[in-house]
Amino acid sequence: MTLATIAIETTVEQDWHSRRADAQARLSELRNARGVALLDGKTFDDREITKAEAELDAIEVAQVEATRREREQ
């Protein structure tokens with residue numbers, strides 16, 4: 001059995017500015033939590049920060065692509 005990726009076109013308009021702000025806030029919270037953990041001598045899973053950074057990068061790229069597509073229409 002193989003899995004296939006299917007692209008779904010949608011007309012739902014995204015609020016990229018809000019999504020980006022939310023992702024930035026989440027990343028900031030995680031970085032603060034890592035600092036607190038370091039201060040308290042506790043461990044912190046840096047994978048959460050890596051994941052949040054990847055999400056923010058993806059949102060930024062999607063926002064640029066959405067703008068490009070709007071201009072083409």
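Biologist: How many helices and how many strands are in the protein chain?
Modeller: This is a predicted model. Helix α1 covers residues 16-39, and helix α2 covers residues 47-72. The count for the protein chain is two helices and zero strands.

Biologist: Are α1 and α2 roughly parallel or roughly antiparallel to each other?
Modeller: The two helices pack with their axes 9 Å apart, at an angle of about 160°. Angles over 145 degrees count as roughly antiparallel. So α1 and α2 are roughly antiparallel.

Biologist: Is the crossing of α1 and α2 left-handed or right-handed?
Modeller: The angle between α1 and α2 is about 160°. The crossing of α1 and α2 is left-handed.

Biologist: How do the residues of the contact of α1 with α2 divide into nonpolar, polar and charged?
Modeller: On α1, the contact includes Trp16, Ala23, Leu27 and Leu30. On α2, Glu48, Ile49, Leu56 and Gln63 are among the residues taking part. The division is ten nonpolar, three polar and eight charged.

Biologist: Is Trp16 buried or exposed?
Modeller: Trp16 is found in helix α1. Its relative accessibility is 18%. Buried means under 20%. Therefore Trp16 counts as buried.

Biologist: Which residues does Trp16 touch, not counting residues up to four places away in sequence?
Modeller: Trp16 and Ile59 are 43 residues apart along the chain, yet their C-alpha atoms are separated by 7.1 Å. Ile59 is one of the residues that Trp16 touches.

Biologist: Is Gln63 buried or exposed?
Modeller: Gln63 lies in helix α2. Its neighbours within four places in sequence aside, Gln63 is in contact with Trp16, His17 and Arg20. The relative accessible area of Gln63 is 14%, so this residue is buried.

Biologist: What is the relative accessible area of Glu48?
Modeller: Glu48 lies in helix α2. Leaving out residues up to four places away in sequence, Glu48 touches Arg26 and Leu30. Glu48 is partly exposed, with a relative accessible area of 31%.

Biologist: What separates the C-alpha atoms of Glu48 and Arg34?
Modeller: Glu48 and Arg34 both belong to the contact of α1 with α2. Along the chain, they are 14 residues apart. Their C-alpha atoms are separated by 10.0 Å.

Biologist: What share of the 73 residues of the protein chain counts as buried?
Modeller: Trp16 counts as buried, and Gln63 is buried too. Glu48 is partly exposed. Across the 73 residues, the buried share is 14%.

Definitions and conventions:
Residues numbered from 1 in each chain as written. Predicted model: local features only at pLDDT ≥ 70, side-chain atom pairs only at ≥ 80, totals over all residues. Heavy atoms only, no water. Axes fitted to C-alpha atoms, helices over the stretch in contact; angles between N-to-C directions. Helix = DSSP H or I, 4+ residues; strand = E, 2+ residues; numbered from the N terminus. Parallel < 35°, antiparallel > 145°, perpendicular 65-115°, else oblique. Left-handed = near helix turned anticlockwise from the far one by under 90°. Contact = heavy atoms within 4.5 Å. Nonpolar A, V, L, I, M, F, W, Y, C, P; charged D, E, K, R; others polar. Buried < 20%, exposed > 50% of the residue type's maximum accessible area, 1.4 Å probe, protein only.
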